[in-house]
Amino acid sequence: MPLIELDDVARTFTIRAKTGRFRREKRRVRAVDGLTFTVEAGECVGYIGPNGAGKSTTIKMLTGILVPSAGRLRVAGVDPARDRVRLARRIGVVFGQRTTLWWDLPLRDSYELARRVYRIPAARYRANLERCLDLLELGPLLDTPVRQLSLGQRMRGDIAAALLHDPEVLYLDEPTIGLDIVSKNRVRRFLKDVNAEAGTTVLLTTHDLTDIEQLCSRVMVIDHGRLIHDGGLEDLHAVGRSERTLVVDLAEVTAPIEVAGARVVRVDGPRQWLAFPATSSAAPVVAAVAARYPLVDLSVREPAIEDVIARMYSEGTEGGPGGGAHPEEERTASGAAPPS
Ligand SMILES: Nc1ncnc2c1ncn2[C@@H]1O[C@H](COP(=O)(O)OP(=O)(O)OP(=O)(O)O)[C@@H](O)[C@H]1O
Ligand SMILES: [Mg+2]
(Lines give C-alpha, C1' and ligand atoms only; values in the text may rest on other atoms or scores of the structure.)
(Ligands and ions follow the chains in the order given, each with its own letter.)
Protein backbone atom coordinates (compact mmCIF):
# COMPACT_ATOMS: atom_id res chain seq x y z
CA MET A 1 0.00 0.00 0.00
CA PRO A 2 1.38 3.43 -0.87
CA LEU A 3 2.24 5.65 2.08
CA ILE A 4 0.67 8.73 0.52
CA GLU A 5 -2.41 8.47 -1.66
CA LEU A 6 -4.33 11.27 -3.36
CA ASP A 7 -7.34 10.55 -5.49
CA ASP A 8 -8.82 13.49 -7.39
CA VAL A 9 -8.15 15.85 -4.50
CA ALA A 10 -9.29 19.45 -4.87
CA ARG A 11 -9.24 22.49 -2.64
CA THR A 12 -10.94 25.78 -3.38
CA PHE A 13 -10.70 29.00 -1.43
CA THR A 14 -13.36 31.65 -1.41
CA ILE A 15 -11.87 35.08 -1.31
CA ARG A 16 -13.67 38.40 -1.05
CA ALA A 17 -12.34 40.88 -3.51
CA LYS A 18 -13.23 44.55 -3.41
CA THR A 19 -14.78 45.48 -6.74
CA GLY A 20 -16.08 48.96 -5.97
CA ARG A 21 -16.38 51.41 -3.11
CA PHE A 22 -19.00 49.37 -1.32
CA ARG A 23 -19.13 46.25 -3.43
CA ARG A 24 -17.37 43.11 -2.56
CA GLU A 25 -17.41 40.08 -4.73
CA LYS A 26 -16.84 36.51 -3.74
CA ARG A 27 -14.34 34.81 -5.94
CA ARG A 28 -13.33 31.18 -5.87
CA VAL A 29 -9.72 30.12 -6.29
CA ARG A 30 -9.03 26.54 -7.22
CA ALA A 31 -5.72 26.11 -5.43
CA VAL A 32 -5.63 22.34 -6.01
CA ASP A 33 -7.64 20.99 -8.87
CA GLY A 34 -8.01 17.23 -9.15
CA LEU A 35 -4.69 15.86 -7.93
CA THR A 36 -4.08 12.14 -8.17
CA PHE A 37 -0.77 10.55 -7.19
CA THR A 38 0.78 8.07 -4.81
CA VAL A 39 4.11 8.01 -2.99
CA GLU A 40 5.63 4.75 -1.80
CA ALA A 41 7.40 4.35 1.53
CA GLY A 42 11.06 5.31 1.29
CA GLU A 43 10.75 7.55 -1.75
CA CYS A 44 12.22 11.04 -1.93
CA VAL A 45 9.98 13.04 -4.21
CA GLY A 46 10.45 16.59 -5.42
CA TYR A 47 7.27 18.65 -5.58
CA ILE A 48 7.80 21.73 -7.68
CA GLY A 49 5.83 24.37 -9.54
CA PRO A 50 5.57 28.12 -9.99
CA ASN A 51 4.36 30.51 -7.27
CA GLY A 52 0.73 29.92 -6.42
CA ALA A 53 0.66 26.49 -8.09
CA GLY A 54 -0.84 24.82 -5.02
CA LYS A 55 2.21 23.17 -3.45
CA SER A 56 1.82 24.50 0.08
CA THR A 57 -1.92 23.86 -0.08
CA THR A 58 -1.19 20.22 -0.92
CA ILE A 59 1.23 19.90 1.98
CA LYS A 60 -1.24 21.51 4.36
CA MET A 61 -3.86 18.97 3.32
CA LEU A 62 -1.37 16.15 3.77
CA THR A 63 -0.70 17.26 7.33
CA GLY A 64 -4.39 17.75 8.13
CA ILE A 65 -4.13 21.53 8.57
CA LEU A 66 -6.47 22.04 5.61
CA VAL A 67 -9.47 19.93 4.65
CA PRO A 68 -9.84 19.03 0.96
CA SER A 69 -12.96 20.36 -0.78
CA ALA A 70 -13.24 17.15 -2.76
CA GLY A 71 -11.46 13.87 -3.36
CA ARG A 72 -9.83 11.28 -1.18
CA LEU A 73 -6.56 11.63 0.67
CA ARG A 74 -4.71 9.09 2.82
CA VAL A 75 -1.40 9.18 4.61
CA ALA A 76 -0.31 5.88 6.16
CA GLY A 77 -3.90 4.73 5.69
CA VAL A 78 -5.25 7.65 7.70
CA ASP A 79 -7.39 10.62 6.65
CA PRO A 80 -5.15 13.50 7.81
CA ALA A 81 -7.94 16.02 8.43
CA ARG A 82 -10.00 13.59 10.47
CA ASP A 83 -7.18 11.93 12.40
CA ARG A 84 -4.79 14.80 12.66
CA VAL A 85 -3.58 14.02 16.16
CA ARG A 86 -3.02 10.35 15.47
CA LEU A 87 -1.18 11.15 12.27
CA ALA A 88 1.00 13.79 13.94
CA ARG A 89 3.13 11.06 15.50
CA ARG A 90 3.90 9.62 12.13
CA ILE A 91 4.73 12.75 10.15
CA GLY A 92 7.19 15.59 10.42
CA VAL A 93 6.82 18.91 8.67
CA VAL A 94 9.03 21.90 8.02
CA PHE A 95 7.65 25.12 6.61
CA GLY A 96 10.66 27.15 5.57
CA GLN A 97 8.63 30.34 5.72
CA ARG A 98 7.48 29.78 9.28
CA THR A 99 9.02 28.26 12.36
CA THR A 100 7.45 25.69 14.64
CA LEU A 101 9.95 26.51 17.36
CA TRP A 102 9.21 28.63 20.41
CA TRP A 103 10.42 32.06 19.52
CA ASP A 104 11.51 33.28 22.94
CA LEU A 105 12.83 30.03 24.30
CA PRO A 106 16.14 28.31 23.76
CA LEU A 107 16.18 25.64 21.08
CA ARG A 108 16.58 23.04 23.81
CA ASP A 109 13.14 23.85 25.26
CA SER A 110 11.34 23.34 21.95
CA TYR A 111 12.97 19.94 21.66
CA GLU A 112 12.06 19.06 25.22
CA LEU A 113 8.47 20.00 24.47
CA ALA A 114 8.47 17.75 21.39
CA ARG A 115 9.77 14.92 23.56
CA ARG A 116 6.80 15.26 25.88
CA VAL A 117 4.14 15.91 23.24
CA TYR A 118 5.19 12.90 21.20
CA ARG A 119 6.11 10.86 24.29
CA ILE A 120 9.45 9.93 22.79
CA PRO A 121 11.22 7.28 24.89
CA ALA A 122 14.26 8.74 26.68
CA ALA A 123 16.92 6.65 24.98
CA ARG A 124 15.52 7.25 21.52
CA TYR A 125 15.17 10.96 22.19
CA ARG A 126 18.78 11.20 23.30
CA ALA A 127 20.03 9.29 20.28
CA ASN A 128 17.93 11.26 17.78
CA LEU A 129 18.82 14.58 19.31
CA GLU A 130 22.49 13.76 19.39
CA ARG A 131 22.46 12.73 15.77
CA CYS A 132 20.62 15.88 14.67
CA LEU A 133 22.86 18.14 16.73
CA ASP A 134 25.91 16.49 15.31
CA LEU A 135 24.94 16.38 11.62
CA LEU A 136 23.22 19.75 11.56
CA GLU A 137 25.92 21.32 13.72
CA LEU A 138 23.43 22.63 16.23
CA GLY A 139 25.21 21.67 19.44
CA PRO A 140 26.61 25.12 20.27
CA LEU A 141 23.19 26.72 19.63
CA LEU A 142 21.08 24.62 21.99
CA ASP A 143 20.84 27.31 24.64
CA THR A 144 20.27 30.21 22.28
CA PRO A 145 16.75 31.67 22.12
CA VAL A 146 15.26 30.95 18.72
CA ARG A 147 14.74 34.63 17.96
CA GLN A 148 18.51 35.13 18.13
CA LEU A 149 19.27 32.45 15.58
CA SER A 150 20.15 33.30 11.99
CA LEU A 151 17.79 32.07 9.30
CA GLY A 152 20.04 29.14 8.43
CA GLN A 153 20.50 28.15 12.07
CA ARG A 154 16.76 28.42 12.71
CA MET A 155 15.98 26.28 9.65
CA ARG A 156 18.35 23.56 10.82
CA GLY A 157 16.71 23.81 14.23
CA ASP A 158 13.31 23.31 12.63
CA ILE A 159 14.45 20.30 10.64
CA ALA A 160 15.79 18.65 13.79
CA ALA A 161 12.51 19.37 15.60
CA ALA A 162 10.57 17.66 12.82
CA LEU A 163 12.62 14.48 13.12
CA LEU A 164 12.97 13.83 16.86
CA HIS A 165 9.93 11.56 16.97
CA ASP A 166 11.12 9.37 14.04
CA PRO A 167 8.35 10.25 11.59
CA GLU A 168 7.74 7.94 8.64
CA VAL A 169 7.05 10.89 6.36
CA LEU A 170 8.80 14.22 6.26
CA TYR A 171 7.18 17.11 4.40
CA LEU A 172 9.52 19.92 3.58
CA ASP A 173 8.06 23.14 2.20
CA GLU A 174 11.02 25.19 0.98
CA PRO A 175 13.55 24.05 3.60
CA THR A 176 16.44 25.78 1.86
CA ILE A 177 14.79 29.14 1.23
CA GLY A 178 17.14 32.00 2.00
CA LEU A 179 20.05 29.76 2.99
CA ASP A 180 23.59 30.34 1.79
CA ILE A 181 25.27 27.70 -0.31
CA VAL A 182 27.15 26.11 2.61
CA SER A 183 23.99 25.82 4.73
CA LYS A 184 22.07 24.46 1.75
CA ASN A 185 24.66 21.77 1.23
CA ARG A 186 24.63 20.84 4.89
CA VAL A 187 20.84 20.56 4.88
CA ARG A 188 20.85 18.53 1.65
CA ARG A 189 23.46 16.11 2.95
CA PHE A 190 21.46 15.64 6.12
CA LEU A 191 18.17 15.04 4.31
CA LYS A 192 19.79 12.59 1.95
CA ASP A 193 21.06 10.72 4.96
CA VAL A 194 17.66 10.71 6.66
CA ASN A 195 16.04 9.30 3.53
CA ALA A 196 18.74 6.71 2.86
CA GLU A 197 19.49 5.51 6.38
CA ALA A 198 16.27 5.91 8.32
CA GLY A 199 14.20 5.20 5.20
CA THR A 200 12.08 8.27 5.89
CA THR A 201 9.77 9.15 3.02
CA VAL A 202 10.40 12.70 1.89
CA LEU A 203 8.18 15.11 -0.03
CA LEU A 204 10.21 18.18 -0.87
CA THR A 205 8.99 21.51 -2.18
CA THR A 206 11.60 23.95 -3.37
CA HIS A 207 12.38 26.60 -5.95
CA ASP A 208 16.03 25.54 -5.96
CA LEU A 209 16.38 22.82 -8.54
CA THR A 210 19.74 21.82 -7.17
CA ASP A 211 17.85 20.49 -4.12
CA ILE A 212 15.87 18.28 -6.48
CA GLU A 213 18.88 17.20 -8.51
CA GLN A 214 20.80 16.20 -5.42
CA LEU A 215 17.99 14.55 -3.49
CA CYS A 216 15.14 13.31 -5.63
CA SER A 217 14.94 10.56 -8.18
CA ARG A 218 11.34 11.47 -8.89
CA VAL A 219 9.85 14.87 -9.45
CA MET A 220 6.27 16.01 -9.68
CA VAL A 221 5.52 19.32 -11.35
CA ILE A 222 2.29 21.06 -10.44
CA ASP A 223 0.76 24.10 -12.11
CA HIS A 224 -2.62 25.72 -11.49
CA GLY A 225 -3.34 22.95 -9.00
CA ARG A 226 -2.80 20.20 -11.54
CA LEU A 227 -0.05 17.68 -12.00
CA ILE A 228 1.70 18.34 -15.30
CA HIS A 229 4.65 15.97 -14.87
CA ASP A 230 5.44 12.96 -12.71
CA GLY A 231 8.61 11.02 -13.38
CA GLY A 232 12.37 11.02 -13.26
CA LEU A 233 14.26 14.29 -13.42
CA GLU A 234 15.85 13.08 -16.61
CA ASP A 235 12.44 12.46 -18.18
CA LEU A 236 11.87 16.18 -18.04
CA HIS A 237 14.36 16.58 -20.85
CA ALA A 238 12.28 14.32 -23.05
CA VAL A 239 9.04 15.98 -22.03
CA GLY A 240 10.49 19.46 -22.41
CA ARG A 241 12.13 18.52 -25.71
CA SER A 242 15.37 20.04 -24.57
CA GLU A 243 18.49 20.03 -26.66
CA ARG A 244 22.15 19.44 -26.07
CA THR A 245 24.72 21.52 -27.86
CA LEU A 246 27.77 20.30 -29.73
CA VAL A 247 30.44 22.99 -29.90
CA VAL A 248 32.95 22.35 -32.69
CA ASP A 249 36.17 24.14 -33.52
CA LEU A 250 37.12 23.83 -37.19
CA ALA A 251 40.55 24.36 -38.74
CA GLU A 252 39.11 27.15 -40.88
CA VAL A 253 36.05 29.36 -41.21
CA THR A 254 33.40 27.55 -43.24
CA ALA A 255 29.74 27.95 -44.13
CA PRO A 256 27.34 26.66 -41.46
CA ILE A 257 27.73 22.89 -41.06
CA GLU A 258 25.03 20.74 -42.61
CA VAL A 259 24.60 17.32 -41.01
CA ALA A 260 21.56 15.17 -40.30
CA GLY A 261 20.07 15.29 -36.81
CA ALA A 262 21.50 18.65 -35.78
CA ARG A 263 21.19 22.29 -36.74
CA VAL A 264 23.61 25.15 -36.42
CA VAL A 265 22.38 27.71 -33.92
CA ARG A 266 25.41 29.95 -33.81
CA VAL A 267 28.63 30.62 -35.71
CA ASP A 268 31.61 32.58 -34.42
CA GLY A 269 34.61 32.40 -36.79
CA PRO A 270 35.83 28.79 -36.89
CA ARG A 271 33.62 27.84 -33.92
CA GLN A 272 30.09 26.56 -34.52
CA TRP A 273 27.29 25.49 -32.17
CA LEU A 274 24.99 22.64 -33.21
CA ALA A 275 21.81 21.79 -31.31
CA PHE A 276 20.48 18.23 -31.21
CA PRO A 277 17.82 16.48 -29.10
CA ALA A 278 18.99 15.86 -25.53
CA THR A 279 17.57 12.36 -25.68
CA SER A 280 19.73 11.21 -28.61
CA SER A 281 23.42 10.35 -28.75
CA ALA A 282 26.06 12.85 -29.79
CA ALA A 283 28.10 10.14 -31.53
CA PRO A 284 26.41 10.16 -34.99
CA VAL A 285 26.50 13.96 -35.12
CA VAL A 286 30.18 14.01 -34.17
CA ALA A 287 30.96 11.30 -36.74
CA ALA A 288 29.11 13.16 -39.49
CA VAL A 289 30.89 16.41 -38.73
CA ALA A 290 34.32 14.74 -38.49
CA ALA A 291 33.81 12.97 -41.83
CA ARG A 292 33.14 16.13 -43.80
CA TYR A 293 34.67 19.06 -41.96
CA PRO A 294 38.19 19.87 -40.72
CA LEU A 295 37.46 19.20 -37.05
CA VAL A 296 40.04 20.40 -34.52
CA ASP A 297 38.22 20.17 -31.21
CA LEU A 298 34.75 19.64 -29.78
CA SER A 299 32.71 19.63 -26.59
CA VAL A 300 29.13 18.80 -25.65
CA ARG A 301 27.05 21.03 -23.42
CA GLU A 302 24.15 19.66 -21.43
CA PRO A 303 20.85 21.50 -21.37
CA ALA A 304 20.09 23.27 -18.11
CA ILE A 305 17.22 21.67 -16.23
CA GLU A 306 16.25 25.20 -15.18
CA ASP A 307 15.40 26.04 -18.78
CA VAL A 308 13.24 22.98 -19.20
CA ILE A 309 11.32 23.72 -16.02
CA ALA A 310 10.98 27.40 -16.82
CA ARG A 311 9.46 26.47 -20.16
CA MET A 312 7.03 24.09 -18.48
CA TYR A 313 6.03 26.75 -15.95
CA SER A 314 5.43 29.38 -18.60
CA GLU A 315 3.39 27.04 -20.75
CA GLY A 316 1.66 25.16 -17.96
CA THR A 317 1.47 22.09 -20.15
CA GLU A 318 3.71 19.20 -21.01
CA GLY A 319 6.18 19.74 -23.79
CA GLY A 320 5.80 22.82 -25.93
CA PRO A 321 7.85 24.38 -28.65
CA GLY A 322 11.43 23.20 -28.99
CA GLY A 323 14.25 25.58 -28.31
CA GLY A 324 16.47 24.04 -25.69
CA ALA A 325 19.25 25.65 -23.77
CA HIS A 326 20.84 28.71 -25.18
CA PRO A 327 24.14 27.61 -26.68
CA GLU A 328 26.14 30.00 -24.55
CA GLU A 329 24.63 28.82 -21.36
CA GLU A 330 26.69 26.52 -19.23
CA ARG A 331 24.98 24.37 -16.73
CA THR A 332 25.10 26.11 -13.38
CA ALA A 333 24.61 24.86 -9.88
CA SER A 334 22.77 27.97 -8.82
CA GLY A 335 19.09 28.10 -7.92
CA ALA A 336 16.36 28.76 -10.45
CA ALA A 337 13.64 31.23 -9.62
CA PRO A 338 14.06 33.40 -6.56
CA PRO A 339 11.92 32.34 -3.64
CA SER A 340 8.49 33.88 -3.31
N1 LIG B 1 -5.85 30.56 2.98
C2 LIG B 1 -6.02 30.91 1.70
N3 LIG B 1 -7.06 31.69 1.34
C4 LIG B 1 -7.25 32.08 0.07
N5 LIG B 1 -6.46 31.69 -0.96
C6 LIG B 1 -5.41 30.91 -0.68
C7 LIG B 1 -5.12 30.49 0.67
N8 LIG B 1 -4.01 29.70 0.65
C9 LIG B 1 -3.63 29.66 -0.64
N10 LIG B 1 -4.45 30.37 -1.44
C11 LIG B 1 -4.36 30.53 -2.90
O12 LIG B 1 -4.21 29.25 -3.46
C13 LIG B 1 -3.26 29.25 -4.52
C14 LIG B 1 -2.15 28.25 -4.22
O15 LIG B 1 -1.38 28.70 -3.12
P16 LIG B 1 -0.16 27.87 -2.50
O17 LIG B 1 0.30 28.57 -1.30
O18 LIG B 1 -0.57 26.46 -2.36
O19 LIG B 1 0.92 27.99 -3.67
P20 LIG B 1 2.43 27.46 -3.71
O21 LIG B 1 2.52 26.53 -4.87
O22 LIG B 1 2.86 26.99 -2.40
O23 LIG B 1 3.21 28.80 -4.13
P24 LIG B 1 4.65 29.39 -3.63
O25 LIG B 1 5.67 28.78 -4.54
O26 LIG B 1 4.50 30.85 -3.91
O27 LIG B 1 4.83 29.07 -2.20
C28 LIG B 1 -2.82 30.69 -4.66
O29 LIG B 1 -3.57 31.29 -5.66
C30 LIG B 1 -3.12 31.29 -3.30
O31 LIG B 1 -3.40 32.66 -3.42
MG1 LIG C 1 4.22 27.64 -0.99
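Just after helix H3, Arg119 takes a positive phi of about 45°. Helices here are DSSP runs of H or I with at least four residues, strands are E runs of at least two, and both are numbered from the N terminus. The model is predicted: local features need pLDDT of at least 70, side-chain atom pairs count only at pLDDT 80 or more, and totals for chains, interfaces and linings use all residues. Residues are numbered from 1 along each chain as its sequence is written, while chains are lettered from A and ligands numbered from 1 in the order in which they are written.

Helix H3 covers residues 107–117, and its buried residues are Leu107, Ser110, Tyr111 and Ala114. Seen down the axis of H3, these residues fall within an arc of 100°, so they line one face of the helix. The arc is taken over the directions from the helix axis to the C-beta atoms. A residue is buried if 20 or more other C-beta atoms lie within 10 Å of its own, exposed if 12 or fewer, and partly exposed in between; C-beta atoms are placed from the backbone. The cover over the buried residues of H3 includes helix H4 (122–135) and helix H5 (151–163). Glu112 also lies in H3. Glu112 counts as partly exposed because it has 15 C-beta neighbours inside 10 Å. Between Glu112 and Arg28 there are 84 residues in sequence and 42 Å in space, C-alpha to C-alpha.

Positive phi values occur elsewhere too. Ala76, a residue other than glycine, has a positive phi near 50°. Ala76 sits in the loop between strand S4 (70–75) and helix H2 (84–88). It has 21 C-beta neighbours inside 10 Å, so Ala76 counts as buried. Asp166 is not a glycine either, yet its phi is positive, about 55°. The loop that holds Asp166 runs between H5 and strand S6 (169–173). Asp166 counts as partly exposed because it has 16 C-beta neighbours inside 10 Å.

Helix H10 spans residues 305–315; its buried residues are Ile305, Val308, Ile309, Arg311 and Met312. Down the axis of H10 they fall within an arc of 155°, so they line one face of the helix. Their cover includes helix H7 (209–215), strand S8 (218–223), strand S9 (226–232) and helix H8 (235–239).

Ligand 1 has 13 residues around it, and Phe13, Ala31, Asn51, Ser56 and Thr57 come nearest. A residue is near a molecule if its C-beta atom, placed from the backbone, lies within 6 Å of it. Strand S1 (4–18), strand S2 (24–39) and helix H1 (55–63) each supply at least two residues of this shell. H1 gives the most, with three residues.

The protein chain has ten helices and 13 strands. Of its 340 residues, 39% are buried. Its C-alpha trace spans about 75 × 55 × 45 Å along the principal axes. An automatic or database assignment divides the chain into domain 1 (41–59 + 75–220 + 230–236) and domain 2 (243–302). The centres of domain 1 and domain 2, taken over C-alpha atoms, are 45 Å apart. An unreviewed UniProt entry places the feature "domain: ABC transporter" at residues 4–249. UniProt positions follow the numbering used here, feature names are shortened, and annotations may be inferred rather than shown by experiment. The span 4–249 is 33% helix and 31% strand, and its end C-alpha atoms lie 52 Å apart.

How values were computed: Contact = placed C-beta atoms within 7 Å.
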